[in-house]
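Please read them with the structure open.

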Amino acid sequence: RHPGVRHPGAGGREAGATPTTAPAAPAARLRAALRGLWVAFTGALGVAFGLALVSVVPVLQLATLGWLLEVEGRLGRGDAWRSAFPGLHAAGRVGAALVAVAVTALPWLVVEHAARDAALLDAGSDLARRLDLAAALVGWATLAHGLGALARGARLRDFACPWAVLSAAAWALRGGPRALPGQLRAAWTALAPGHYVGLGARGLVAGFLWLLPAAALTAGVERRPELIVLGVPLLVLTLPWVVVAQAQLAATGRFRDAFDLRALRALRRRAPLAFAVATAVALGLALPLYLLEVEPLPRDARWLPAIPMLVAAVPGRALAGWARLRGAREGRAHWTLRVLGSALVLSAAAAYAFVLFFAQLFTWNGPRALFAQHALLLPVTFP
């Protein structure tokens, strides 16, 4: 071969040849990004919905805090962000099913709304009776279609299948209802509720013990106003320690580590800015949620505020785990960074303590709001 001539087989490309795979690369990356966003969205929706339902069960509601601490502990031990959220992929099926059920129920909601309007405007008329019958038929058809889609696998294409109801009938004839209890028991075992309840109980007790002196002094201001000079400053100083203590407990799994002052102080000194950001995010995202406690909700609707409370708690918990990982390194941060971190964390804690102090005056929980802080303890409302 002549040294000045390029040949296709010699590692080059013929002149004028156009690549065939390059244009497909951006489209593939776009599809992968959209698929990842969809998985993250449906997984977060499924986890939030499931934990919100669990939050109304007196003992199982500890699993809500346990799941948040599990996320915090995995990141604090150095796990990847992709694997730090337990059950996210499995909950994605639940979240996708919830989205699909909401979309397929839209026709029934429209007809039902029209039937109610007709009953209010002209009760007993032919139009009102026809719309009421149509709402019932569409409702039963929607229910049958949803059950069929769930029997087919609860994927999005299953809800778009027009003959999904036949799958529900076939599933019932094959003995699906008899196998359902065993499948539910296996799913319950895979969820490991005992682990999350136990971890949540340890985190709740540790946080409560840290907050008890400051909360008790602040709650007593109504009877003895002079306690404000002790309770509020002590609360401001305690809040950053609770964030570090729960991050350490979540990472190690040992209850006593939440009260090892030397180790906690070393974590804060090694990563002052990281813990300051985590504390500011955790406390800042919790402030607007106190508006949900201005008026009491019906008992059967108290799981609804748990959804925004859980969503608001995840960023702070994740950042606290990341800060714990940075604080576990050797060495010590420069004194300027420690001063800046202390100023930021005390400012965030002071703003949170200010709002929390007045929250006992306008929320229906009253002084109990100081002992049931959803930013650091259970992310649920209490009766």
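1. Asp257 comes first. At 9% relative accessibility, Asp257 counts as buried, because the cut-off for that class is under 20%. The model is a predicted one, and the values in this note are to be read with that in mind. Asp257 sits in the loop between H10 and H11. Leaving aside neighbours within four places in sequence, Asp257 is in contact with Gln248, Thr252 and Leu264.

2. What does Arg254 pair with? Arg254 forms a salt bridge with Asp257, and the closest N and O atoms of the two are 2.9 Å apart. The two partners fall into separate accessibility classes: Arg254 is partly exposed at 39% relative accessibility, while Asp257 is buried at 9%. In general terms, side chains of opposite charge can pair when their charged atoms come close.

3. The stretch leading up to this pair deserves a look. Just after H10, Gly253 takes a positive phi of about 80°. H10 itself has 25 residues. From its first C-alpha to its last, H10 reaches 36 Å, close to the 36 Å expected at 1.5 Å a residue. H10 also carries a kink of about 25° at Thr238, shortly before the proline Pro240.

4. Salt bridges in total: the count comes to 5.

5. Arg116 forms a salt bridge with Glu112, with 3.8 Å between the closest N and O atoms. This pair counts because the cut-off is 4 Å. An α-helix has 3.6 residues a turn, so residues three or four places apart point the same way. Arg116 is partly exposed at 45% relative accessibility. Glu112, at 22%, is also partly exposed, because the buried class requires a value under 20%.

6. Arg129 forms a salt bridge with Asp126, and here the closest N and O atoms are 2.1 Å apart. Please check this distance in the model. Arg129 is partly exposed at 48% relative accessibility, and Asp126 is partly exposed at 46%.

7. Is Glu70 buried or exposed? Glu70 is buried, with a relative accessible area of 9%, and lies in helix H2 (residues 62-76). A polar contact of 2.9 Å joins the side chains of Glu70 and His195. Not counting residues up to four places away in sequence, Glu70 touches Arg77, Ala84, Pro86, His195, Tyr196 and Leu199.

8. The largest nonpolar core has 61 residues. Those with the most contacts inside this core are Trp67, Leu211, Leu235, Leu239, Tyr352 and Leu376. Elements that give two or more residues to the core include helix H1 (24-54), H2, helix H9 (193-219), helix H13 (306-327) and helix H14 (335-362). The largest share, 10 residues, comes from H10.

9. Neighbours up to four places away in sequence aside, Leu211 touches Leu235, Thr238, Leu239, Val242, Gln373, Leu376 and Leu377. Thr238, one of these, is also where the kink in H10 lies.

10. Leu51 lies in helix H1 and is buried, with a relative accessible area of 11%. Beyond residues up to four places away in sequence, Leu51 touches Ala63, Thr64, Trp67 and Leu310. Trp67 is among the residues with the most contacts inside the largest nonpolar core. Leu51 and Pro379 are 328 residues apart in sequence and 10.0 Å apart in space, C-alpha to C-alpha.

11. For the chain overall, there are 14 helices and 0 strands. Buried residues make up 39% of the 383 residues in the protein chain. Among contacts with a separation of 6 or more, residues 24 or more positions apart account for 72%.

Terms used: Residues numbered from 1 in each chain as written. Predicted model: local features only at pLDDT ≥ 70, side-chain atom pairs only at ≥ 80, totals over all residues. Heavy atoms only, no water. Salt bridge = Lys/Arg side-chain N within 4 Å of Asp/Glu carboxyl O. Buried < 20%, exposed > 50% of the residue type's maximum accessible area, 1.4 Å probe, protein only. Helix = DSSP H or I, 4+ residues; strand = E, 2+ residues; numbered from the N terminus. Polar contact = N/O pair within 3.5 Å; in protein donor to acceptor, adjacent residues only side chain to side chain. Contact = heavy atoms within 4.5 Å. Core = buried A, V, L, I, M, F, W, Y, C linked by side-chain atoms within 4.5 Å. Expected span 1.5 Å × (residues − 1). Bend = angle between axes of the 7 residues up to and from the residue.
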